[in-house]
Every structure is written in C-alpha cells, then in structure tokens.
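Good morning, colleagues. Thank you for giving me a few minutes; please look at the sequence and the structure as I put them on the screen.

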Amino acid sequence: MVDIVLLALGEDSQCGCEGGACGTRTPILACRDALRTASAEVRTVVAHDDKEIDAALAALPEARVIVATAADGQLRAVIRRLVRMYAPAPSKRPEDLPGDRTIPDLPPIGVLPLGPDATDLATRLGLPRSPADVAAAVLGGNVRRLDLLRNDGGSVTLDGALIGGVTAGGTAGTYLARVEVDDAVLADGTEPVLVSVVANAARYATVDGLPLVTAPAMDDGVLDVAVAVPVASRRLFRRSRMEIQVRRAHGRAVAIHPRADLPFVDDGVEGTLTRKRSWWMERGAWGVYVP
C-alpha cells in the first residue's frame, strides 16, 4: 500500500496567493478519493507556516507527497523547505555529490493544480491537471527530474525572476545595476536598465511583447539571463531615436547588484532587492511525478 500526504498551503505560508486556504477544496477531495479508490493510504494536511510544511515533508521519502497549488509561489515554498531539509553543510558535502551541485536529488513530489490558470508552471511543464490524472501519475511512480535555481537569499526559483520593469510606485522606469553571468557582464551598473530576467523556464521569457530570453528549458542544466537597455540610435540628418537593446547570456550563475532598492517578482512572489543577489543552477535537483 502506498502512503501519500496531500499537502495544501494556508494564508500564512508566504506563497504569494491571497485569501484563506489557497485554492478550493473540491480538487483536493477529488484527488484524495481517487487515491483511496486505488487503495492508497492518504493523509490530508493544511500547512500555514514553514514549521507545518516541514512536518508534512517529514513523511518523505517513505511516503509520497502531493502539493495542491493555487499559485507557483506555493510550489516554491515547499521546494524551498525541501532544500533546507536535504542540503548538507559545506563541511559535510557527500563525496558522490556532482561538482555542479550543492544538494542531492530531492525526493519527487506530485503537483495538483487548483485553478484553471493556463499560464502556471504545471501547464508549462505539461503536467496532468485533473485530480484523477494527478493521482494516477503519483501512484505510477514515473519521475521527471528538473533544474532548480538556488540563491544567496536562502530561497529558490523554479521558473524565473523579473527584476525591475516598474518603480516601487508602479510606474515604468529604469534602474542601475551590475548584471554578471559567469564571466560575462551584461550591464556594468552605469547605464540605465529597463528590465532584467533570470529564467529557468518561460514565465518571463517575453515582457510587454518584448522577447527577452529564448527557449529556456528546465532540464538543460543552464540558466538564461536577459537585460533590456534603452539605446539611442544615431541617424544621419535626423533626430536620434531610442531603441531597446536586449543582451542575453546563459550559464551556471548570475549576480545582480542594484545601485538602489529595486522591485522584483520571483515565481510570482513580489519582493524588493536591497543588495546583491546571486542565483546558481542546481541541475536536475528536484522531480515531479508524470504519467
């Protein structure tokens, strides 16, 4: 008999959604019933904070966990706690850990989308959406490994981060920041930047019709970065015209050093970048159950 924990997140879990318990109960109950029909032992948990998420994840790896997600930020909140649970201290790094990884393979999880959002990560990954299909995938045990971005702020990014694009007051504006991808400098901190993107997948590949990163993939082992910079083009006998130059690079790590506080959105969760932030690639670190 397969033991399964069906985990939903509440309003205090810092997941980026609003309201009471995230999403609706109907898909969760339908998934639970489908699992029980297949003779699985199911425990439903609602977690409101990191401590309660940790308690639910403690069932791994003996039990399988399904995360009911109404927002990508919920999934990020769970993976962030998984990383904290499984990441070894630098002094206790396992000898068999690959050189480009700081964490071992995390136990796979199931993903149960709670809404019809056609732009969420589950849709972009082609994961099953109906409760019955999610239950079947988890019981089937087939796993797809995916890349993960860690950052020096103690969190993770599953899909991508959008830095700038608007001021703190909600209006469009430029900012100054140094952006480095491995050894490549995309912005040196002295020129205005409209927006920059750190991408593991395609959520922020295009912003306001402007293509930024091209063909990002969550299983290629590299992160993609783009910086949009306004540049005045000179034309003979005519007034110069402002154009947008997009600079792109991909690699294992990126560092963004803002010259002032800067709004950003990471996996749909808003925040403020107040100092240098670095992201780095953890190739194939997490996994999801797939048909």
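I shall go from the overall picture to the cores, then to the helices, and end with some individual residues.

First, the conventions. This is a predicted model, in which local features need pLDDT of at least 70 and side-chain atom pairs count only at pLDDT 80 or more, while totals for chains, interfaces and linings use all residues. Residues are numbered from 1 along each chain as its sequence is written, and side-chain values use heavy atoms, with hydrogens and water left out.

Let me begin with the whole chain. The protein has 5 helices and 18 strands; these are DSSP runs, H or I of at least four residues for helices and E of at least two for strands, numbered from the N terminus. The C-alpha trace spans about 80 × 45 × 30 Å along its principal axes.

Of the 291 residues, 46% are buried. By buried I mean under 20% relative accessible area; exposed is over 50%, and partly exposed lies in between, with a 1.4 Å probe and protein chains only. As for contacts, meaning heavy atoms within 4.5 Å, residues 24 or more positions apart account for 70% of those with a separation of 6 or more.

Which residues touch the most other members of the largest nonpolar core? They are L7, L75, I79, L106, L148 and W286, in a core of 37 residues. Helix 3, residues 72–86, gives the most to this core, with 6 residues. Apart from it lies another core, of 23 residues, which includes A187, L223, F264 and L273. A nonpolar core here is a set of buried Ala, Val, Leu, Ile, Met, Phe, Trp, Tyr and Cys residues joined through side-chain atoms within 4.5 Å.

I turn to helix 1. This helix covers residues 25–37, and its 13 residues reach 18 Å from first C-alpha to last, close to the 18 Å expected at 1.5 Å a residue; the expected span is 1.5 Å times one less than the number of residues. Its buried residues are P27, I28, C31 and L35. Seen down the axis, they fall within an arc of 100 degrees, so they line one face of helix 1. The arc is that of the directions from the helix axis to the C-beta atoms. The face turned away from the buried side carries the exposed residues R25, T26 and T37. The buried residues of helix 1 pack against strand 1 (3–9), strand 2 (41–47), strand 3 (64–69), strand 4 (109–113) and helix 5 (131–140).

Helix 2, residues 50–57, buries I53, A56 and L57. Those residues cover an arc of only 95 degrees around the axis, which puts them on the same side of helix 2. K51 and A55 are exposed on the other side. The packing partners of the buried residues are strand 1, strand 2, strand 3 and helix 3. At the start of helix 2, a side-chain oxygen of D49 comes to within 3.3 Å of the backbone nitrogen of K51.

Now to individual residues. The peptide bond from L60 to P61 is cis, with omega near -5 degrees, and P61 lies in the loop between helix 2 and strand 3.

S39 is partly exposed, at a relative accessible area of 47%. D208 is also not a glycine, and its phi is near 50 degrees. D208 sits in the loop between strand 11 (206–207) and strand 12 (210–211), and counts as exposed at 83% relative accessibility.

Finally, G160 is in strand 7, residues 160–164, and is buried at 1% relative accessibility. Leaving aside residues up to four places away in sequence, G160 touches V198, A199, N200, Y204, V265, D266 and D267. The C-alpha atoms of G160 and A201 are separated by 6.3 Å, although the two residues are 41 apart along the chain.

Thank you for your attention.

Methods
A polar contact is a pair of N or O atoms within 3.5 Å; within protein, one must be able to donate a hydrogen and the other to accept it, and residues adjacent in sequence count only if both atoms are side-chain atoms.
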